[in-house]
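I opened the notebook to record what I looked up in this structure. I began with charged pairs and then went on to helices and surface.

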Amino acid sequence: MKMSLLLAALLTAVLFSPGGHGKTVVGLFKSESARHQNGQFITKFMYQGGGGGLLVCRLDNPSLATEKESRLLLYHNLDSDLDNLSCTEKLAKAQLAISLSATEHNQTIPHQFSPTAWKVVYADRYTCQQSAVIPSHSDLTYTVSLFNADSAGNPLEHFSAEEAGLQTFYFLLLLAYFIACCIYVQPLYQALRKGGPMHTVLKVLTMALALQGCSALCNYIHLARYSRDGVGIPVMGSLAEFWDMVSQVSMLYMILSLCMGWTLSRNRKSQSRPLQWEQTPASTAVAVSGVVTQGLLLLWEQYSESESEHHSYHTQQSLPGLLLMALRVLLALLLASVLYQIVSTERSTLKRDFYLCFAKGCFLWFLCHPVLFLTSVVFNQHQREKVVTIGVILCQSISMVILYQLFLSRSLYWEVSALSSVSLPLTMSRSNQRGRY
């Protein structure tokens, strides 16, 4: 029941969390907002180095824009502290200013030697005049499109520099999932039907991997549409994040349940049925506590205020994002402590190997995000998001494969579970070969 409520809360938060999506931005230029913020923030976009970038702004009422002296301001030095400047000084710091007086404005972005992020801000005659009365006429409806140059040098690419290549990655990932599914779905289904001491583990692993595949599919659908219109399907992007979160929550619950169950029930466990998922009140409490903590941090991260648009939770740099990575490090240390207690007293070499292989898969799953996040600082700004996002997805997929191989291994699984080879999942042997086992 608690898990269902947590997942429902996650889904609600992801689907209805505020924030802009895409690089075709539609909205209203509001004088009140511009005055309150010393310039209304519209969006930001990272243009590729070498030129060829373009900004297109379309208005539905250019005469009103002329009356209000409306303009778009572009800043490329995002590290400067503009908030400490006065309103007039902040507007004067803009590298580009576009006066809005026509139905459509096309602005070419100056040549840059490397990919550079630009921030787009709206201002008008009332922005810095705090005592002036803002007329009650309607706000300006706008459509702002931002483009990078494609391979032919034409400004047709909606993806900013830090997003370029992600669509291809998700396509290749889906292709790998499809090929693996064609090869292993039937023997895996047979293994799940047979049951066994690790039946629950295999079900959770299968569900986590399937959810990760659903996340990749939703991301690809969103990015494929995004490449055409710069908006994409925001709901699909949110669903991709949700499925990935559920996958991580499932894996966390499985890992904690296994570790704590093995440890807390070790003294009274039957030797004829070793290494099973032992559910005790204490182990369940630890697992649920870890899952709830991670779920609450994910909810907080979704609602955390961030000026950057939310493409992937893997690039978390907010306080809840940093706390999530700290939680993973703490859980990895807990896992290391638990496994050390088990391995140090285990006499069977095969069982020690089992636990050590299990530790490798779990450590990879827990630590890949913090390590990649720290490693990404050596890359350029436009490469960091791709390094973390692609790296985390690949590492977690490899971790799941390691655990699959461990629990479905014919020889080691037979030794640690005390099962006959007849009931082994995914066995490649035939009846005339079983004698040698």
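Entry 1, salt bridges. The model is predicted, and I counted one salt bridge in it. The partners are glutamate 104 and arginine 58, whose side chains meet at 3.3 Å, N to O. I noted that this pair links distant parts of the chain, 46 residues apart. Glutamate 104 belongs to strand E6 (residues 104–108), and arginine 58 to strand E3 (residues 54–59). Side chains of opposite charge can pair when their charged atoms come close.

I looked up the unreviewed UniProt entry, which annotates residues 169–189, 201–222, 242–262, 320–342, 354–375 and 387–407 as "transmembrane region". I checked two of these stretches in the model. Residues 169–189 are 100% helix and 0% strand, with end C-alpha atoms 28 Å apart. Residues 387–407 are likewise 100% helix and 0% strand, and their end C-alpha atoms lie 30 Å apart.

I found a nonpolar patch of about 730 Å², made by Phe171, Leu172, Leu175, Phe178, Ile179, Ile183 and Tyr184. I picked leucine 172, which sits in helix H5 (residues 166–194). Leucine 172 counts as partly exposed because its relative accessibility is 48%.

Helix H6 (residues 199–229) has 31 residues and reaches 45 Å from first C-alpha to last, close to the expected 45 Å. Just after H6, I noted that glycine 230 has a positive phi of about 75°.

Definitions and conventions: Residues are numbered from 1 along each chain as its sequence is written. This is a predicted model: local features need pLDDT of at least 70, side-chain atom pairs count only at pLDDT 80 or more; totals for chains, interfaces and linings use all residues. Side-chain values use heavy atoms; hydrogens and water are left out. Patches are made of residues with over 30% relative accessible area and no salt bridge: like charges are joined within 9 Å, nonpolar side chains (Val, Leu, Ile, Met, Phe, Trp, Tyr) within 5 Å. Accessible areas come from the Shrake-Rupley method with a 1.4 Å probe; for residues, only the protein chains shown count as cover. A salt bridge is a side-chain nitrogen of Lys or Arg within 4 Å of a carboxyl oxygen of Asp or Glu. Helices (H or I, at least four residues) and strands (E, at least two) are DSSP runs, numbered from the N terminus. Buried means under 20% relative accessible area, exposed over 50%, partly exposed in between (1.4 Å probe, protein chains only). The expected span of a helix is 1.5 Å times one less than its number of residues. UniProt positions are given in the numbering used here, feature names are shortened, and annotations may be inferred rather than shown by experiment.
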